[in-house]
Amino acid sequence: MNDYIDIYCERIMPGLWSEPLNAVSNISFVIAAAVIWQLTRRQQKVPIGIWILITLATSIGIGSTLFHTFATQWANLLDVIPIVLFQLCFVWLYSRQVVRMKYGYAGALLVGFLLASNFSTNFTNILNGSLSYAPAFLVLLGFGLYHYQQQKREPFILLAASAVFLLALLFRTLDREICPYFSIGTHFLWHLCNSILLYLSARALIQNWSAIAKAS
C-alpha cells in the first residue's frame, strides 16, 4: 500500500511536494462543493442524496490532494473511491428523480454502468488511462440528450457538462505526451474541468429535482 506511484508529468521524484500544481488545483473540488451547497440553500427542503453528492465532491478534492501529495497506493484508493461513488450516486439519483425510472430499470442501469466502468479499467494503458472514463462520458451524454429533448430546466446544462468532460479527458490524455514541451503537464486542468463538471451535473439534478417536488 506504500508503493510509490509516478504517472504524471509534473512529478519527477518522490516527495510530498513534487506535484504542487496537481495538488493545489484540487481546491477547485472543494469550491464546487461549496457552490453546490449555496445552490441548495435556495431550496425549501434538501434531499439526503444532494448532501451525499456535496460530501463526495469534497471527498474527491481531499482524496486527490492526498494522492498527488503522497503518491502511494493507499492514497490512490482515497482518490478513486470518492470518484466512483459520486458517479454511482449521480446516475442513481438522476435516473430516479429526473428521468423517473422505476427501481428495477434504474438498478439495471446502475449495475450496467458499474460493470462497464470496471471493464474499462482494463484499458488504462490507452490514451493515458482516459479510455477508462468512456462509460461515464457516454452515460452523461445520454442524460444530456434526454435532458435537452425533454426540455428540462436549463436544458443544455448536461450537454455543456459533457463538453467539459470531453475537454477534461483531452487534458488528461495530453499530460504525458506534452511533458517534453510543457514540464508541469496538463493534469491540473483535468482537475479544474472536473470540478466544473461536478457542479454542472449537481446543478442539473437540483434544479429539476426541485421542479418535480413543486409540481407534485
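1. A crossing of two helices is called right-handed if the near helix is turned clockwise from the far one by less than a right angle, and left-handed if it is turned anticlockwise. In this predicted model, α4 passes α5 in a right-handed crossing.

2. The geometry of that pair is as follows. Helix α4 (residues 73-97) and helix α5 (residues 103-120) have axes that come within 9 Å and cross at roughly 155°. With angles over 145 degrees counted as roughly antiparallel, this makes α4 roughly antiparallel to α5.

3. Helix α4 also packs with helix α3 (residues 48-70), at an angle of about 155° and with the axes 7 Å apart. The helices α3 and α4 are therefore roughly antiparallel to each other. Here the crossing is left-handed, as α3 passes α4.

4. Helix α2 spans residues 27-40 and contains 14 residues. From its first C-alpha to its last, α2 reaches 20 Å, close to the 20 Å expected at 1.5 Å a residue.

5. Which residues of α2 are buried? They are S28, F29, A32, A33, I36, L39 and T40. These residues cover an arc of only 145° around the axis, which puts them on the same side of α2. As a general point, an α-helix has 3.6 residues a turn, so residues three or four places apart point the same way.

6. On confidence, the protein chain has a mean pLDDT of 93, and 97% of its residues reach 70 or more. Among the elements of the chain, the highest mean pLDDT, 98, belongs to helix α6 (residues 134-149), and the lowest, 88, to helix α8 (residues 187-215).

Conventions. Residues are numbered from 1 along each chain as its sequence is written. This is a predicted model: local features need pLDDT of at least 70, side-chain atom pairs count only at pLDDT 80 or more; totals for chains, interfaces and linings use all residues. Side-chain values use heavy atoms; hydrogens and water are left out. Helices (H or I, at least four residues) and strands (E, at least two) are DSSP runs, numbered from the N terminus. The expected span of a helix is 1.5 Å times one less than its number of residues. Buried means under 20% relative accessible area, exposed over 50%, partly exposed in between (1.4 Å probe, protein chains only). The arc is that of the directions from the helix axis to the C-beta atoms. pLDDT is the predictor's confidence in each residue, from 0 to 100. Axes are lines fitted to C-alpha atoms, for helices over the stretch in contact, and angles run from 0 to 180 degrees between N-to-C directions. Angles under 35 degrees count as roughly parallel, over 145 as roughly antiparallel, 65 to 115 as roughly perpendicular and the rest as oblique.
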